[in-house]
Amino acid sequence: MKLRYFIIFFIAVVVVLFSSCSEDEATYLDEIRVSKSIIALPASGGSDTITMKAVDEWTIDSVYSSDGTKKYSWLNVSVVQGQAGETQVIFSADSSTVSNNATLYVSCAGKKQMLSVIQVVSSEVEEATCADVIAGPESKTYRVSGVCTKIANTVYGNWYLEDNTGSVYIYGTLDKNGGTKNFESLGIEVGDEVVVEGPKTVYKGTVELVDVTVIDIIKSLVKVDSVSTETVGVDGGELVVYLTCKGNGVNVEIPEEAESWLSIKSVTNAGTNVVVKFNVATNTGGDRNVNLIFKTNDGTKDYSSEITVSQLGAIVEATIAQFNAAAVGETQYRITGVVTKVANAKYGNVYVKDFSGETYIYGINDFADSGIKEGDIVTLVGKRSEYNNSKTGEVTIQMKNATAEKVISVESVTVTEFLSKEDSEDKYYMLTGVITEVKNSTYGNIYISDGENTLYVYGCYPGYGATGDDRKNYLANAGLSVGDTVTMIGYKTTYNETIELCGGICYSTVIAEKGSSETSSTKKR
């Protein structure tokens, strides 16, 4: 194979600051926006200008060292600080015989935007293996040949390239004209052998070649055309994969860890068209997936293609305490509790509490259309995950991308309004009152008043889902007695002409500071 050499005029390193989100998604800061975060200066010398839009005062605080000297002697920056609004910033450098690279940070309103300024001296690039790239220095440009094993983003061209020495992540692929966000025009598919050139960077431990130029594409002799389903149900069944094979037959590889639940049922050939049928067993555990690899050869060279097939797992019913104690993984959990706080109404980030504990939900699907609000009782399904804050070291347990299976809307009313409602175990209300009498301290049977009317609460419990002994002695455990204020959630019934609030979930309490004769003040628990 004859390779054509390209002159690389710049290296693009894109770093996106984000929290609890994928690095493949574009992220924009509301506080400071730049027209571009990569500034490429020619080796012969010259300048480049960007536009910065800031909501407050800003500084490029990494141009100078602490002693006042320039941190990057080769780089000139026209403006290093400014006011709110739009500002033009010019970056320039003299001609150079060596490549230069600077990482700058723009600070504004407590946020930082990263800028990468690069001056690259063009040179003929030598061929390298994936192992050479992994072991080599950053910012160096490499030419490497390997097979596309997985495509992560079809807009920017983020994918995995693998040879017999290792695997490298491609973060951004330029089209034939050097443009971005046009990956599909190249026609690269899983299984193709691709030759690329690009600079190396390391992002969170992952070795990457950034914004690569494609030198050559050798199409694979085996290709997955379609699959009957990419997600098999929990009950299993048949999975069918349709292939085009121009090589000497197809060999199917099932990873050892999937052999217990996935097997080949049949393989049929009709010219270059191949149909492979699989038997998928019932799944009694959590969600699982497998990479199926299909191989062929032309007598001298091997070719491959692969797909990822997932199977839904059984959903585990769990209390929130059990969910929090579970391991991070693919298992789906079903939890039910009261929404105690909406942390982000745009994305559906909420806190949910039952009798056993509280957990954080990082995103409820279709949250805007769900009508979920604080105080509502929700049943959610999702996986156990965690967010590790690299700055503080704090680990947040969370259910990510949850699905709301059921929502019980809770209406806020006064005690007086509650008394006039119709009896129904399907309609829940939230109301607040002062405890005037304790009838049963074990189960929390109490009278509460809003100052106008009194209501009998048949059971005051620590949270949704409490049964048996978990319902007992909540008043004592919470330090509640006559004179304290409780906010309860429950439904209305009438027993022997006495109106009751049943299913009583204690949402919040205010403990009165009791003096020698009367309540003088309150404090929120």
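This note sets out, point by point, what can be read from a predicted model.

1. **The largest nonpolar core.** In soluble globular proteins, nonpolar side chains tend to be buried together. The largest nonpolar core of this model has 24 residues. Met52, Ile60, Leu75, Phe91, Leu104 and Val117 are the members with the most contacts inside this core. Two or more residues come from each of several strands, namely β1 (32-34), β2 (38-41), β3 (46-54), β4 (58-60), β5 (75-77), β7 (85-93), β8 (100-108) and β9 (111-119). Strand β8 gives the largest share of this core, four residues.

2. Leaving aside neighbours within four places in sequence, Leu75 is in contact with Leu41, Lys70, Phe91, Ser92, Ala102, Leu104 and Val117. Another core, of 21 residues, lies apart from the largest one. Among the residues of this other core are Ala258, Val276, Ile307 and Val309.

3. Rolling a probe the size of a water molecule over the atoms shows where empty space is left. In this model there are three cavities of 30 Å³ or more. The largest cavity holds about 60 Å³ of space. Its lining consists of Val338, Thr340, Lys353, Asp354, Pro462, Gly463, Tyr464, Ile505, Cys506 and Tyr507.

4. Which elements supply at least two residues each to the lining of the largest cavity? They are β25 (332-344), β26 (349-354) and β35 (498-514). Strand β35 contributes the largest share, three residues. By residue type, the lining divides into six nonpolar, two polar and two charged residues.

5. **Aromatic pairs.** A pair of aromatic rings is described by the distance of the centres and the angle of the planes. The model contains nine aromatic pairs. In one of them, the ring centres of Tyr351 and Tyr360 are 4.9 Å apart and the planes stand at 45°, so the pair is tilted. Tyr351 is partly exposed, at 30% relative accessibility, whereas Tyr360 is buried, at 14%. Tyr456 and Tyr458 form a further tilted pair, with 6.4 Å from centre to centre and 50° between the planes. Tyr456 is buried, at 12% relative accessibility, whereas Tyr458 is partly exposed, at 43%. Elsewhere, ring pairs link Tyr160, Tyr169 and Tyr171 into a cluster.

6. Most residues other than glycine have a negative phi, and most peptide bonds are trans. Asp211 is not a glycine, yet has a positive phi of about 45°. Asp211 belongs to strand β15 (residues 206-218). With a relative accessibility of 17%, Asp211 counts as buried, because the cut-off for that class is under 20%. Asn496 is likewise not a glycine and has a positive phi, of about 50°. Asn496 sits in the loop between β34 (485-495) and β35. At 62% relative accessibility, Asn496 counts as exposed, because the cut-off for that class is over 50%.

7. **Ser424.** This residue lies in strand β31 (residues 424-440). Is Ser424 buried, partly exposed or exposed? Its relative accessibility is 26%, so Ser424 counts as partly exposed. Ser424 and Lys492 are 68 residues apart in sequence, and their C-alpha atoms are 5.9 Å apart in space. Not counting residues up to four places away in sequence, Ser424 touches Tyr491 and Lys492.

8. **Glu138.** The loop between α1 (130-135) and β11 (141-153) holds Glu138. Glu138 is partly exposed, at 47% relative accessibility. Which residues does Glu138 touch, not counting residues up to four places away in sequence? They are Lys200, Thr201 and Val202. Glu138 and Phe367 are 229 residues apart along the chain, and 42 Å separates their C-alpha atoms.

9. **Asn324.** Helix α2 (residues 320-325) includes Asn324. Asn324 has a relative accessible area of 18% and is therefore buried. Not counting residues up to four places away in sequence, Asn324 touches Glu358, Thr359, Arg384 and Ile397.

Terms used. Residues are numbered from 1 along each chain as its sequence is written. This is a predicted model: local features need pLDDT of at least 70, side-chain atom pairs count only at pLDDT 80 or more; totals for chains, interfaces and linings use all residues. Side-chain values use heavy atoms; hydrogens and water are left out. On a 1 Å grid over the protein atoms alone, a cavity is a set of points where a 1.4 Å probe fits but cannot get out, and a pocket is an open set with protein on both sides within 12 Å along at least five of seven lines; lining residues have an atom within 4 Å of a point. Grid points are joined across faces, edges and corners, and a volume is the space filled by probe spheres set on the points. Ala, Val, Leu, Ile, Met, Phe, Trp, Tyr, Cys and Pro count as nonpolar, Asp, Glu, Lys and Arg as charged, and the others, Gly among them, as polar. Buried means under 20% relative accessible area, exposed over 50%, partly exposed in between (1.4 Å probe, protein chains only). Contact means heavy atoms within 4.5 Å. A nonpolar core is a set of buried Ala, Val, Leu, Ile, Met, Phe, Trp, Tyr and Cys residues joined through side-chain atoms within 4.5 Å. Rings of Phe, Tyr and Trp (its six-membered ring) pair if their centres lie within 6.5 Å; planes under 30 degrees apart count as stacked, over 60 as edge-to-face and the rest as tilted.
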